[in-house]
Amino acid sequence: MPKQDTEMLKGILEGIVLAVLVGRPAHGYEITASLREQGFTDIAEGTIYALLVRIEQRGLVDVEKVPSEKGPPRKVFTLNAHGREQLDDFWRAWAFLSERLDHLQHQNDTGQD
């Protein structure tokens, strides 16, 4: 993935992770695996864990520690009401930007102003 794509992805990664958590509670490794299954193969697991710390600190998720077969308990993240509001805001912003970018691309493709 080119560096520019990686930088764009970092800017929207929070919304992507919140969208993953709409489906079900998950721990960091499950979130990373889900993103990789969906084609986000260049995302480092450490990036996801750092992001989860930030969204936990911002109160967007509820966290439950569950026993692990190996090692310390795992943190399982569940999207809460505040997180759902944030995700709704993300989707609104995404729709706005996507529409504007599509329009701009169409203008460039057709040579119109």
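**From a loop to the core**

Let us begin with Ser-68, which sits in the loop that joins strand E1 (61-66) to strand E2. Please bear in mind throughout that this is a predicted model.

In sequence, Pro-72 lies 35 residues from Glu-37, and their C-alpha atoms are 26 Å apart in space.

I turn now to the interior. As a general point, nonpolar side chains in soluble globular proteins tend to be buried together. In this model, the largest nonpolar core has 21 residues. Which residues have the most contacts inside this core? They are Leu-13, Val-17, Leu-21, Ile-31, Leu-35, Ile-48 and Ile-55. At least two core residues come from each of the following: helix H1 (3-23), helix H2 (28-37), helix H3 (45-57), strand E2 (74-79) and helix H4. The largest share, 7 residues, is supplied by H1.

Leaving out residues up to four places away in sequence, Val-17 touches Ile-31, Leu-35, Ile-48, Leu-51, Leu-52 and Ile-55.

Next, consider how two of the helices are arranged. Two packed helices are described by the angle between their axes and the distance between the axes. For H2 and H3, the angle is about 125 degrees and the axes are 9 Å apart. Are these helices parallel, antiparallel, perpendicular or oblique to each other? An angle over 145 degrees would count as roughly antiparallel, and 65 to 115 degrees as roughly perpendicular; H2 and H3 are therefore oblique to each other. Their crossing is right-handed.

Which residues meet where H2 and H3 pack? From H2 come Gly-28, Tyr-29, Ile-31, Thr-32, Leu-35 and Arg-36, and from H3 come Glu-45, Ile-48, Tyr-49 and Leu-52. I would draw your attention to Thr-32, which belongs to helix H2. Thr-32 has a relative accessibility of 2% and so counts as buried. With neighbours within four places in sequence set aside, the contacts of Thr-32 are Ile-43, Glu-45 and Ile-48.

Let us move to helix H1, where we find Gly-15. Its relative accessible area is 5%, so Gly-15 is buried. Beyond residues up to four places away in sequence, Gly-15 touches Leu-87 and Phe-90. Gly-15 and Ala-95 are 80 residues apart along the chain, while their C-alpha atoms are separated by 13 Å.

Phe-90 brings us to the aromatic residues. A pair of aromatic rings is described by the distance of the centres and the angle of the planes. There are 2 aromatic pairs in the structure. In one of them, the ring centres of Phe-90 and Trp-94 are 6.3 Å apart and the planes lie at 25 degrees, so the pair is stacked. The cut-off behind that word is an angle under 30 degrees.

How far apart are Phe-90 and Trp-94 in helix H4? Because they are 4 residues apart in H4 (residues 81-110), about one helical turn separates them. Phe-90, at 17% relative accessibility, counts as buried, whereas Trp-94, with a relative accessible area of 40%, is partly exposed. Phe-90 and Trp-94 also belong, with Trp-91, to one aromatic cluster.

Finally, Arg-92 is found in helix H4 as well. Is Arg-92 buried or exposed? Its relative accessibility is 53%, so Arg-92 counts as exposed. Arg-92 is 54 residues from Gln-38 in sequence, and the C-alpha atoms of the two are 22 Å apart.

Thank you for your attention.

Definitions and conventions
Residues numbered from 1 in each chain as written. Predicted model: local features only at pLDDT ≥ 70, side-chain atom pairs only at ≥ 80, totals over all residues. Heavy atoms only, no water. Phe/Tyr/Trp six-rings, centres within 6.5 Å; stacked < 30°, edge-to-face > 60°. Buried < 20%, exposed > 50% of the residue type's maximum accessible area, 1.4 Å probe, protein only. Core = buried A, V, L, I, M, F, W, Y, C linked by side-chain atoms within 4.5 Å. Contact = heavy atoms within 4.5 Å. Axes fitted to C-alpha atoms, helices over the stretch in contact; angles between N-to-C directions. Parallel < 35°, antiparallel > 145°, perpendicular 65-115°, else oblique. Left-handed = near helix turned anticlockwise from the far one by under 90°.
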